[in-house]
Amino acid sequence: MQLIELDGDGQERKVHEVGEGEFVLGRLEGDLTFPEDEFISRRHARLLFQEGICYLKDLGSSNGTFVKVAEPTELQDGNVFLIGHRFFKIRLPEQE
C-alpha cells in the first residue's frame with residue numbers, strides 16, 4: 001500500500017510504502033512523524049493494512065482525523081484524509 005502526502009493543490013508530494021500491519025502517524029511518535037505540525041497529536045491516527053483492506057482509526061487526537069473517526073474505518077483506493085494540516089491519499093495494490 002502507498003500513503004501519499006498531498007500538497008495544498010492536491011498534487012502528490014511524497015510517497016510512503018506501507019507494508020501489512022499497523023502504521024502510526026503522529027507529531028512525535030509513530031512510523032511517520034511531523035514534529036512541526038502542532039495540529040497533529042503525539043500519536044494521532046493508525047492505519048491498519050490487512051489482506052488488502054486498509055482501516056483508519058483516530059487514536060484519541062484532540063483535532064480529529066478529517067471527520068472525527070471513532071471506530072476503525074475501511075478506506076478505499078483513492079480516499080483522502082486529513083490530520084493536522086496534512087492531506088494523505090491511499091493507493092491500494094490491485095487485487096488479483
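Q: What joins β6 to strand β7 (residues 73-75), and do the two run parallel or antiparallel?
A: Three bridges join them, and the strands run antiparallel. Two strands pair if DSSP finds at least two bridges between them, so three bridges meet the condition. The strands themselves are DSSP runs (E, at least two residues), numbered from the N terminus. The model is predicted: local features need pLDDT of at least 70, side-chain atom pairs count only at pLDDT 80 or more, and totals for chains, interfaces and linings use all residues. Residues are numbered from 1 along each chain as its sequence is written, and side-chain values use heavy atoms, with hydrogens and water left out.

Q: How many bridges join β5 to β6?
A: Six, with the strands antiparallel. By the rule of at least two bridges, β5 and β6 therefore count as paired. Ala 45 stands opposite Asp 58 in β6.

Q: What makes β4 and β7 edge strands?
A: The open sheet has five strands in the order β4-β3-β5-β6-β7, with mixed pairing. Within this order, β4 and β7 each pair on one side only.

Q: What is noted about phi of Glu 51?
A: Phi of Glu 51 is near 50°, a positive value in a residue other than glycine. Most residues other than glycine have a negative phi. Glu 51 belongs to the hairpin of β5 and β6, which has two residues between the strands.

Q: Why does Glu 51 count as exposed?
A: Buried means under 20% relative accessible area, exposed over 50%, and partly exposed in between (1.4 Å probe, protein chains only). Glu 51 is at 75%, so it counts as exposed.

Q: Why does Asp 58 count as buried?
A: Its relative accessibility is 4%, so it falls under the limit for buried residues.

Q: What joins the side chains of Asp 58 and Ser 61?
A: A polar contact of 2.7 Å joins them. A polar contact is a pair of N or O atoms within 3.5 Å; within protein, one must be able to donate a hydrogen and the other to accept it, and residues adjacent in sequence count only if both atoms are side-chain atoms. A polar atom of the Asp 58 side chain also lies 2.9 Å from the backbone nitrogen of Gly 60.

Q: What makes the pair of Phe 34 and Phe 88 tilted?
A: Rings of Phe, Tyr and Trp (its six-membered ring) pair if their centres lie within 6.5 Å; planes under 30 degrees apart count as stacked, over 60 as edge-to-face and the rest as tilted. By this rule there are two aromatic pairs. Phe 34 and Phe 88 are 5.8 Å apart centre to centre, with 55° between the planes, so the pair is tilted. Phe 34 lies in the loop between β4 (32-33) and β5 (45-50) and Phe 88 in strand β9 (residues 86-91), so the pair ties together parts that are 54 residues apart in sequence.

Q: What makes the pair of Phe 81 and Phe 88 stacked?
A: The centres are 5.5 Å apart and the planes 25° apart, so the pair is stacked. Ring pairs link Phe 34, Phe 81 and Phe 88 into a cluster. Phe 34 and Phe 88 are both buried, and Phe 81 is buried too.

Q: Which residues have the most contacts inside the largest nonpolar core?
A: They are Leu 3, Leu 25, Leu 47, Phe 81 and Ile 90, in a core of 19 residues. Of the elements, β5 gives the largest share, three residues. A nonpolar core is a set of buried Ala, Val, Leu, Ile, Met, Phe, Trp, Tyr and Cys residues joined through side-chain atoms within 4.5 Å.

Q: Why does Val 18 count as buried?
A: Val 18 has a relative accessible area of 6%, so it is under the limit. Val 18 is found in the loop between β2 (12-17) and β3. Leaving aside neighbours within four places in sequence, Val 18 is in contact (heavy atoms within 4.5 Å) with Met 1, Leu 3, Phe 23 and Phe 49.

Definitions and conventions: Helix = DSSP H or I, 4+ residues; strand = E, 2+ residues; numbered from the N terminus.
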